[in-house]
Amino acid sequence: MSPRAAWRLESLGFAKVYDYVAGKLDWMAAGLPTEGTNAQRPRAGQVARADVPTCGLGEGLGAVRDRVRGQGWDAVVVVNDERVVLGLLRSKELAQDSGLTIEQAMRPGPSTFRPFVAIAEMARFMTEHDLDSSPITTSDGRLVGLLLRSDAVRESQTE
Amino acid sequence: MPVEIDRQEVRRLLERGAQLVEVLPSSEYDEDHLPGAVNVPLRRIDGQVAALLDQNRPVIVYCWDAA
């Protein structure tokens, strides 16, 4: 649709016309702000906990578990140097043999969700699929935070 | 000829005073739009648009996605 609009504007005499082809979806997936009636409704990216602990593939599970639990968490997100999500360890994975590496112990390629998804939708999905937590990422896979189901359900009930 | 741009270029152009135009129907614009965007649905782009927009400033159009 936007290419036709761009050409039409040009035909009307506009000399500097640009087409943001990836559009609103790309903007919102990057977690950037919007205006409108939905802007005040909580979304996954706002409720997700940005302080979730992270670790790298090569770390040892025992040390990571101690660190994570010492911070009061029972989950850790595996990221690379660009904060791209590579894996996830929830309580079940964290409870494995301390001698494993994170790469061996993690749940690889976890399902991720974009920051603009409505919190009510997230609460419903996480409840239906029995997910305690879900990583929220930008469209290029970078970690925004970890959304806890308990947070999602609570926020959705206050809408 | 219109130039295709990405998100980074959108932000750069906005800093330089570009105008943002969402060409989706007004119901979709009302729910969510980029900050500062005006709504001119595709079917309503005509000569009157020239009066709403500044022809001397860059114009960025967008819809939902590339599909």
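Predicted model: local features only at pLDDT ≥ 70, side-chain atom pairs only at ≥ 80, totals over all residues.
**Exercise 1. The contact between the chains**

Task: Describe the contact between chain A and chain B by its residues, its buried area and its polar links.

Solution: 
- Step 1. Begin with the residues: chain A contributes 36 residues to the contact, and chain B contributes 42 residues.
- Step 2. Turn to area. The two chains bury about 3,700 Å² between them, and 66% of this lies on carbon and sulfur atoms.
- Step 3. List the polar links. Three salt bridges are counted between chain A and chain B, along with 23 residue pairs in polar contact, both residues being at pLDDT 80 or more.
- Step 4. Locate the side of chain A that touches chain B. The elements that give two or more residues to this side are helix H1 (2-11), strand E1 (17-20) and helix H2 (23-29) of chain A. H1(A) gives the most, with eight residues.
- Step 5. Sort the residues of this side of chain A by type: 19 are nonpolar, eight are polar and nine are charged.

**Exercise 2. A residue in a salt bridge**

Task: Is Asp26(A) buried or exposed, and which residues does it touch beyond its neighbours within four places in sequence?

Solution: 
- Step 1. Apply the cut-off. Buried means under 20% relative accessible area. Asp26(A) has 16%, so it is buried.
- Step 2. Name the contacts. With neighbours within four places in sequence left aside, Asp26(A) is in contact with Tyr20(A), Ser139(A) and Arg7(B).
- Step 3. Look at the partner in chain B. The side chains of Asp26(A) and Arg7(B) form a salt bridge, at 3.0 Å from N to O.

**Exercise 3. A sheet built from both chains**

Task: Give the strand order of the open sheet of five strands, and explain why E1(B) and E3(B) each have one side without a neighbour in the sheet.

Solution: 
- Step 1. Write the order: E1(B)-E1(A)-E4(B)-E2(B)-E3(B), with parallel pairing.
- Step 2. Find the edges. Strand E1 (3-5) and strand E3 (38-39) of chain B stand there with a single partner strand each, so one side of each has no neighbour in the sheet.
- Step 3. Examine a pairing across the chains. E1(A) pairs in the parallel sense with strand E4 (residues 59-62) of chain B over three bridges. In this region Val17(A) is opposite Val59(B) in E4(B).
- Step 4. Examine a pairing within chain B. Strand E2 (residues 19-22) of chain B runs parallel to E3(B), and two bridges join them. Glu22(B) has Asn39(B) in E3(B) as its bridge partner.

**Exercise 4. Two further residues of chain A**

Task: Where do Thr138(A) and Val68(A) lie, and what do their surroundings contain?

Solution: 
- Step 1. Thr138(A) sits in the loop between strand E6 (133-137) and strand E7 (143-148) of chain A. Its relative accessibility is 14%, so Thr138(A) counts as buried.
- Step 2. Not counting residues up to four places away in sequence, Thr138(A) touches Ala29(A), Ala30(A), Arg114(A), Pro115(A) and Val144(A). The side chains of Thr138(A) and Asp140(A) make a polar contact (2.3 Å).
- Step 3. Val68(A) lies in helix H4 (residues 61-70) of chain A and is buried, with a relative accessible area of 0%.
- Step 4. Leaving aside neighbours within four places in sequence, the contacts of Val68(A) include Pro53(A), Trp73(A) and Leu94(A).

Definitions and conventions. Residues numbered from 1 in each chain as written. Chains lettered and ligands numbered in written order. Heavy atoms only, no water. Contact = heavy atoms within 4.5 Å. Buried area = accessible area lost by both parts, 1.4 Å probe. Salt bridge = Lys/Arg side-chain N within 4 Å of Asp/Glu carboxyl O. Polar contact = N/O pair within 3.5 Å; in protein donor to acceptor, adjacent residues only side chain to side chain. Helix = DSSP H or I, 4+ residues; strand = E, 2+ residues; numbered from the N terminus. Nonpolar A, V, L, I, M, F, W, Y, C, P; charged D, E, K, R; others polar. Pairing = 2+ DSSP bridges. Buried < 20%, exposed > 50% of the residue type's maximum accessible area, 1.4 Å probe, protein only.
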